[in-house]
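Subject: Structure for you to look at

Hello,

Here is the structure I promised to pass on. Please open it alongside this note.

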Amino acid sequence: MAEMIRLSVFRYDPEKGGEPHMQSFEVPLLNAGMKLLDALNYIKWELDGTLTYRRSCGEGICGSDGLNINGVNGLACITPIEGLKQPIHVRPLPSMHVIRDLVVDMDHFFDQYRQIQPWLQTITPVPEHERLQSPEDRARLDGSYECILCACCTTSCPSWWWNGDRFLGPAALLHANRWIIDSRDEATGDRLDQVEDAFRLYRCHQIMNCMEACPKELNPTAAIDHIKRKLLARKS
Ligand code: SF4
Ligand code: SF4
Ligand code: FES
């Protein structure tokens with residue numbers, strides 16, 4: 001008989017009323033490399049079709065299945081079942097408005113991403129072919145462009161929990177820095193102006209939860225620190 005895995009999964013359906021609660025499930029260990037997403041899929045396909053959660057790529061690329069797993073944010077699709085303490089507690093990303101079960105409202109998170117204007121801005125004429133970048137300048141974008149906007153970092157940040165209406169949070173600031181350090185971008189001054197604010201940037205108190213939560217092993221704390229140092233250098 002297959003080994004069984006015990007899970008305790010957050011449930012909430014506002015259309016049915018009732019209080020949010022945790023529901024217990026048991027699913028078979030399907031294979032040695034089984035991931036948490038496989039267990040959620042088993043629940044949905046075999047036990048309870050009403051369980052609601054986001055997922056798409058199944059391999060850590062789309063960023064849609066950020067969850068709180070045994071108290072730590074991560075992506076269900078790349079989190080191995082092996083090694084997780086049971087019952088595995090699966091909850092929505094912290095501090096987010098829950099739409100249903102494990103699905104949270106991401107509007108504010110993506111609005112903050114839009115606020116940093118995540119596209120190349122230039123004032124010089126468009127070259128005939130392309131805006132070139134040296135291999136060294138391109139390498140400076142390593143550690144930024146890999147972000148998949150899963151929100152694991154931002155929703156693990158206590159400063160964002162308390163001031164998320166005004167503090168941009170680690171994901172948006174990582175992307176702000178990504179454009180600040182891009183050698184082709186010509187709006188650095190405007191970008192720095194935009195984040196220079198007691199709340200938008202300086203609410204980061206270097207607690208570093210964001211770095212520990214990132215499933216892509218990125219370091220938003222270092223990106224935020226770089227923006228602060230750029231602002232300091234601009235003043236002196
Ligand atoms: S380092 Fe800054 S952004 Fe990251 S968790 Fe701490 S306060 Fe939040
Ligand atoms: S920095 Fe990491 S945790 Fe934050 S949104 Fe990007 S990939 Fe997700
Ligand atoms: S399903 Fe796409 S990152 Fe997990």
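Below is what was found in it.

This is a predicted model, in which local features need pLDDT of at least 70 and side-chain atom pairs count only at pLDDT 80 or more, while totals for chains, interfaces and linings use all residues. Residues are numbered from 1 along each chain as its sequence is written, chains are lettered from A and ligands numbered from 1 in the order in which they are written, and side-chain values use heavy atoms, with hydrogens and water left out.

Overall picture

The protein chain has eight helices and seven strands. Helices (H or I, at least four residues) and strands (E, at least two) are DSSP runs, numbered from the N terminus. The C-alpha trace spans about 65 × 35 × 30 Å along its principal axes. Of the 236 residues, 45% count as buried. Buried means under 20% relative accessible area, exposed over 50%, and partly exposed in between, with a 1.4 Å probe and protein chains only. Take contacts between residues at least 6 apart in sequence: 62% of them join residues at least 24 apart. Contact means heavy atoms within 4.5 Å.

The two ligands

Ligand 2 takes up the space of the largest cavity. The space of ligand 1 is the second largest cavity. A cavity is a set of points, on a 1 Å grid over the protein atoms alone, where a 1.4 Å probe fits but cannot get out. A molecule sits in one if more than half of its atoms lie within 2 Å of its grid points.

Which residues are around ligand 2? They are Cys-147, Ile-148, Leu-149, Cys-150, Ala-151, Cys-152, Cys-153, Ala-171, Leu-174, Cys-214, Pro-215 and Lys-216. A residue counts here if one of its heavy atoms lies within 4 Å of the molecule. This shell divides into eleven nonpolar residues, no polar and one charged. In this scheme Ala, Val, Leu, Ile, Met, Phe, Trp, Tyr, Cys and Pro are nonpolar, Asp, Glu, Lys and Arg are charged, and the others, Gly among them, are polar.

Ligand 1 has 13 residues around it, the closest being Cys-157, Cys-204, Ile-207, Met-208 and Cys-210. H7 and H8 are the elements that give two or more residues to this shell. Its residues divide into eight nonpolar, five polar and no charged.

Helix H8

An α-helix has 3.6 residues a turn, so residues three or four places apart point the same way.

Two buried residues

Thr-154 is in the loop between helix H3 (135-139) and helix H4 (158-163). Its relative accessible area is 0%, so it is buried. Beyond four places in sequence, Thr-154 is in contact with Phe-109, Trp-160, Gly-169, Pro-170 and Ala-171.

Gly-66 is in strand S3 (residues 66-69). At a relative accessible area of 11%, Gly-66 is buried. Leaving out residues up to four places away in sequence, Gly-66 touches Gly-74, Leu-75, Leu-93 and Cys-152. Gly-66 and Trp-119 are 53 residues apart in sequence, and their C-alpha atoms are 24 Å apart.

Backbone points to check

The peptide bond from Gln-86 to Pro-87 is cis, with omega near -5 degrees. Pro-87 is in the loop between strand S4 (72-75) and strand S5 (88-91).

Two residues other than glycine have positive phi. Asp-101 has a phi of about 45 degrees. Asp-101 is in the loop between strand S6 (98-100) and strand S7 (103-104). Is Asp-101 buried or exposed? It is buried, at 2% relative accessibility. Glu-217 has a phi near 55 degrees. Glu-217 lies in the loop between H7 and H8, and is exposed at 73% relative accessibility.

An exposed loop residue

Glu-19 is in the loop between strand S1 (4-11) and strand S2 (21-28). It is exposed, with a relative accessible area of 67%. Not counting residues up to four places away in sequence, Glu-19 touches Arg-11 and Tyr-12.

Best wishes

Technical notes: On a 1 Å grid over the protein atoms alone, a cavity is a set of points where a 1.4 Å probe fits but cannot get out, and a pocket is an open set with protein on both sides within 12 Å along at least five of seven lines; lining residues have an atom within 4 Å of a point.
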